[in-house]
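Let's take a friendly walk through this structure, starting with its charged pairs and ending with a pair of packed helices.

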Amino acid sequence: MSGEVEDVENRGVKDRARPSYSSSSYVIEDSETQWTSWLVPMVVVANVGVFLVVMFVNNCPKHNSRIEGKCEARFLGRFSFQPLKENPLFGPSSSTLEKMGALDWDKVEHKHQGWRLFTCIWLHAGVIHLVANMLSLVFIGIRIEQQFGFVRVGIIYLLSGFGGSILSSLFIRKNISVGASGALFGLLGAMLSELITNWTIYTNKVAALLTLLVIIAINLGIGILPHVDNFAHIGGFLTGFLIGFVLMPRPRFGWLEQPNLPARVNVKSKYKAYQYMLWLLSLVLLIVGFTAALVMLFHGENGNDHCHWCHYLSCVPSSRWHCEEN
């Protein structure tokens, strides 16, 4: 009797009637749900709305000291931008961003304003900063939400942004930090771990891996320029990378269709052994990493004291610029 039992994993490609999903270069089972993306567009709308509120509060014509020049785009009234010498990204003043919830280590540590670890990911330094991040979110986030749903993409986005804020606070002490870049890098990290944990279902796996690694390397490379918080990028990426192993493994072929399979077809466990191992390891690293980082942060530990070369991860000095914190 056992000789008639068929292992669905070894039935061969000719028996796998799964359609290819061309935009992502891998195969999806017929019964796998394709979600409608609504959370990512709502996050984009929320970020734009927050930026408008920040600009309303900023009110450049009223608060500008004119030391750096006149407000830009003055026809916008109180929504006009700070002088380009002060903010070249067409946005508010740093004091306004700080008042609205920008990440500031001193306030997080000494004034117990831990909420800034979350609020900073909804703020942007200017129109250029906002547009660049929101375009990235649309291109990356919608794809992930369509395949894995709003709950998982929401968890990855928020926790990655939180992780990026924690790492930034541990290493950057004299600057404020704003932006959704940590959360966006978390989505990139989750895409990479999703590719790894679901390796066997990809058709062009090597090409997909190389493409993703090049994109990640270029974006992290940009982070070594001055005035870019690469610690937020790295923290968000590592958080998203680990969460991807926990939230984004796909069931082995045949599991979702098991009720409709003939009795002779033997479907093993829902996931493969290596997926379970990566899930457990990543979960442990997430818990330990967040716990250790938060303990260090609220005990006033300076990450630079424990890693004397880590500052090069965020800015590499050259003849064209300096990396001193302003």
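## Salt bridges

A salt bridge here is a side-chain nitrogen of Lys or Arg within 4 Å of a carboxyl oxygen of Asp or Glu. The model you are looking at is predicted, and it holds three such salt bridges. In one of them, the side chains of Asp104 and Lys107 come together at 3.7 Å, N to O. Lys107 also pairs with Glu98, at 2.5 Å, N to O.

How exposed are these partners? Asp104 is buried, with a relative accessible area of 10%, and Lys107 is buried too, at 15%. Glu98 is partly exposed, at 23%.

## A link across the chain

Arg250 and Glu194 form another salt bridge, at 3.4 Å, N to O. The two residues sit 56 residues apart and link distant parts of the chain: Arg250 lies in the loop between α9 (230-247) and β4 (265-266), while Glu194 belongs to helix α7 (residues 181-197). Arg250 is buried, with a relative accessible area of 4%, and Glu194 is buried at 0%. Back at the other two bridges, shared partners join Glu98, Asp104 and Lys107 into one network.

## Two packed helices

Now to helix α1 (residues 39-58) and helix α6 (residues 127-171), which pack at an angle of about 145° with their axes 7 Å apart. The crossing of α1 past α6 is right-handed.

Which residues make the contact? On the α1 side they include Leu39, Val43, Val48 and Phe51, and on the α6 side they include Leu130, Met134, Ile142 and Tyr157. The residues of this contact divide into 16 nonpolar, three polar and one charged.

Methods. Residues are numbered from 1 along each chain as its sequence is written. This is a predicted model: local features need pLDDT of at least 70, side-chain atom pairs count only at pLDDT 80 or more; totals for chains, interfaces and linings use all residues. Side-chain values use heavy atoms; hydrogens and water are left out. Axes are lines fitted to C-alpha atoms, for helices over the stretch in contact, and angles run from 0 to 180 degrees between N-to-C directions. Helices (H or I, at least four residues) and strands (E, at least two) are DSSP runs, numbered from the N terminus. A crossing is left-handed if the near helix is turned anticlockwise from the far one by less than a right angle, and right-handed if clockwise. Contact means heavy atoms within 4.5 Å. Ala, Val, Leu, Ile, Met, Phe, Trp, Tyr, Cys and Pro count as nonpolar, Asp, Glu, Lys and Arg as charged, and the others, Gly among them, as polar. Buried means under 20% relative accessible area, exposed over 50%, partly exposed in between (1.4 Å probe, protein chains only).
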